[in-house]
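Reader: I am new to protein models. Please walk me through this one.

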Amino acid sequence: MFENNNKNMYTASAKTGIEPTFYGKVMTFFALAIFMSACGTYVTGTYFMEYFIAAPYLMYVFFAVELGIVFTSRMWSTKIPLNRFLFAAFAFITGVTVAPLIYLLAASPGGLAVLTKALVATGFMFSASALFGATTHIDLSGMRGFLFTALIGMIVVAILGIFFPWGNTMELVYSGIGILLFSGFTAYNMQNLKRYPEDRYIDAALSLYLDIFNMFIFILRFMMASRD
């Protein structure tokens with residue numbers, strides 16, 4: 001009798017031990033997204049860069065696919081295995097779209113050093129923001145409206161910048177605000193993990209991935225403007 005009870009307790013404990021938690025799933029898919037982005041950047045830069053140079057409009061096609069996947073994420077994020085395929089595809093395509101910038105910068109004088117510093121700075125900035133969001137006792141839910149309003153403002157300014165190009169000073173200001181904005185998003189989204197339903201781990205991982213990706217882009221822009 002006692003042997004059977006012990007066996008049942010051991011079996012239940014083993015099952016509990018290998019059952020992935022919500023946070024475990026989020027961090028696993030977050031790491032997968034970074035890996036897939038790196039793969040997309042490498043594959044594009046190594047094998048397809050000449051196609052993007054010869055036909056720049058291809059980049060807009062990939063941008064459109066990215067937007068389509070993001071804006072429909074609530075529809076597919078809980079549907080296995082479609083959610084995993086689309087999530088990995090989105091991260092890979094993101095790597096494709098950023099590859100021309102990465103490879104052209106790396107090929108420029110001093111560009112590799114700037115790229116390395118941007119990656120390191122992003123790692124520290126994201127980790128610090130995520131740690132703050134995960135450990136603070138301050139309720140950050142009130143930041144949501146401000147963050148999304150600021151994001152819309154940044155998008156509007158970016159669109160205006162297409163028609164009214166700005167100089168290095170404006171670029172420094174714009175990218176600096178972008179760094180602060182996505183630091184805030186990181187802290188908010190990290191604290192907000194506890195509010196997600198158990199089946200929405202893809203949504204949570206996607207939010208964190210977009211935070212670190214955009215933070216990296218703005219840090220890179222800030223450093224490039226500082227160098228110029």
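Reader: Which residues make the nonpolar surface patch of about 870 Å²?

Author: This is a predicted model, where local features need pLDDT of at least 70, side-chain atom pairs count only at pLDDT 80 or more, and totals for chains, interfaces and linings use all residues. Residues are numbered from 1 along each chain as its sequence is written, and side-chain values use heavy atoms, without hydrogens and water. A patch takes residues with over 30% relative accessible area and no salt bridge, joining nonpolar side chains (Val, Leu, Ile, Met, Phe, Trp, Tyr) within 5 Å and like charges within 9 Å. Here the members are Ile152, Ile155, Val156, Ile159, Leu160, Ile162, Phe163 and Phe164.

Reader: Is Phe164 buried or exposed?

Author: Phe164 sits in the loop between helix H7 (143-163) and helix H8 (168-192). Buried means under 20% relative accessible area, exposed over 50%, and partly exposed in between (1.4 Å probe, protein chains only). Phe164 has 60% relative accessibility, so this residue counts as exposed.

Reader: How are H8 and H9 directed relative to each other?

Author: Two packed helices are described by the angle between their axes and the distance between the axes. H8 and helix H9 (residues 201-227) have axes 8 Å apart, at an angle of about 160 degrees. Angles under 35 degrees count as roughly parallel, over 145 as roughly antiparallel, 65 to 115 as roughly perpendicular and the rest as oblique. H8 and H9 are therefore roughly antiparallel.

Reader: How many helices does the protein chain have?

Author: Helices are DSSP runs (H or I, at least four residues), and strands are too (E, at least two). The chain has 0 strands. Its helix count is 9.

Technical notes
Accessible areas come from the Shrake-Rupley method with a 1.4 Å probe; for residues, only the protein chains shown count as cover. A salt bridge is a side-chain nitrogen of Lys or Arg within 4 Å of a carboxyl oxygen of Asp or Glu. Axes are lines fitted to C-alpha atoms, for helices over the stretch in contact, and angles run from 0 to 180 degrees between N-to-C directions.
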